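Trainee: I would like to study this structure with you, one question at a time. May we begin?

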Amino acid sequence: MPENTYDLVIVGSGPAGLMAAVYAARYKLKTLVLGKEFGSAAATAHKICNVPTYDEISGMEFMEKMEAQVRKLGVQIEYDPVTNIEGKQNHFVVATENAQILAAKKIMVLSYLS
């Protein structure tokens, strides 16, 4: 397996991807979140009314808080769209738009691939 291999690469930087990253961090997995843009579509929402502990919160504020928590837990987040995922014998190879080639033991896809 390549030297710089992640335990988990999460494709998707919206609420689902960041929540998955929180749980991965709690289990001490070396995790990378890859997404097209900050917060995905949720960041553009005028208000969100279905988040526990908030009667309402703007999409931008919600995603800023989520991203801050994920980063505080030590998870790396990059805004570099995934262009290809290829399965190998014991890992996956992930290619991105900015020509990164990454390795992961597990992949979680929560977004459309570019």
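Trainee: How many bridges join E4 to strand E5?

Mentor: Please keep in mind that this is a predicted model. Strand E5 covers residues 92-96, and E4 and E5 run antiparallel. The number of bridges that join E4 to E5 is five.

Trainee: Which strands are the edge strands of the sheet?

Mentor: The sheet is open and has six strands with mixed pairing, in the order E3-E2-E1-E6-E5-E4. In general, strands of a sheet pair through backbone hydrogen bonds, either parallel or antiparallel. An edge strand here pairs on one side only, and this holds for strand E3 (76-79) and strand E4 (82-87). The edge strands are therefore E3 and E4.

Trainee: By what angle are neighbouring strands of this sheet turned against each other on average?

Mentor: The angle is an average over neighbouring strands of the sheet, and direction is ignored. The value is 40°.

Trainee: Is His91 buried or exposed?

Mentor: His91 lies in the loop between E4 and E5. Not counting residues up to four places away in sequence, His91 touches Met1, Pro2, Glu86, Ala103 and Ala104. Its relative accessibility is 12%, and the limit for a buried residue is under 20%, so His91 counts as buried.

Trainee: With which side chain does the side chain of His91 make a polar contact?

Mentor: The contact in question joins two side chains, and its length is 3.0 Å. The partner of His91 is Asn90.

Trainee: What is the relative accessible area of Gln100?

Mentor: Gln100 is placed in the loop between E5 and strand E6 (101-109). Leaving aside neighbours within four places in sequence, Gln100 is in contact with Glu78, Asp80, Val94 and Ala95. Gln100 counts as partly exposed because its relative accessible area is 23%.

Trainee: What is the length of the polar contact between the side chains of Gln100 and Asp80?

Mentor: The side chain of Gln100 has a polar contact of 2.7 Å with the side chain of Glu78. For the side chains of Gln100 and Asp80, the polar contact is 2.7 Å.

Trainee: Which element gives the most to the lining of the second largest pocket?

Mentor: This pocket has a volume of about 190 Å³. Its lining includes Met19, Val22, Tyr54, Phe62 and Met66. Helix H1 (15-26) and helix H2 (59-72) are the elements that give two or more residues to the lining. With four residues, the element that gives the most is H2.

Technical notes: Residues numbered from 1 in each chain as written. Predicted model: local features only at pLDDT ≥ 70, side-chain atom pairs only at ≥ 80, totals over all residues. Heavy atoms only, no water. Pairing = 2+ DSSP bridges. Axes fitted to C-alpha atoms, helices over the stretch in contact; angles between N-to-C directions. Buried < 20%, exposed > 50% of the residue type's maximum accessible area, 1.4 Å probe, protein only. Contact = heavy atoms within 4.5 Å. Polar contact = N/O pair within 3.5 Å; in protein donor to acceptor, adjacent residues only side chain to side chain. 1 Å grid on protein atoms, 1.4 Å probe; cavity = no way out; pocket = protein on both sides within 12 Å on 5 of 7 lines; lining within 4 Å. Points joined across faces, edges and corners; volume = space filled by probe spheres on them.
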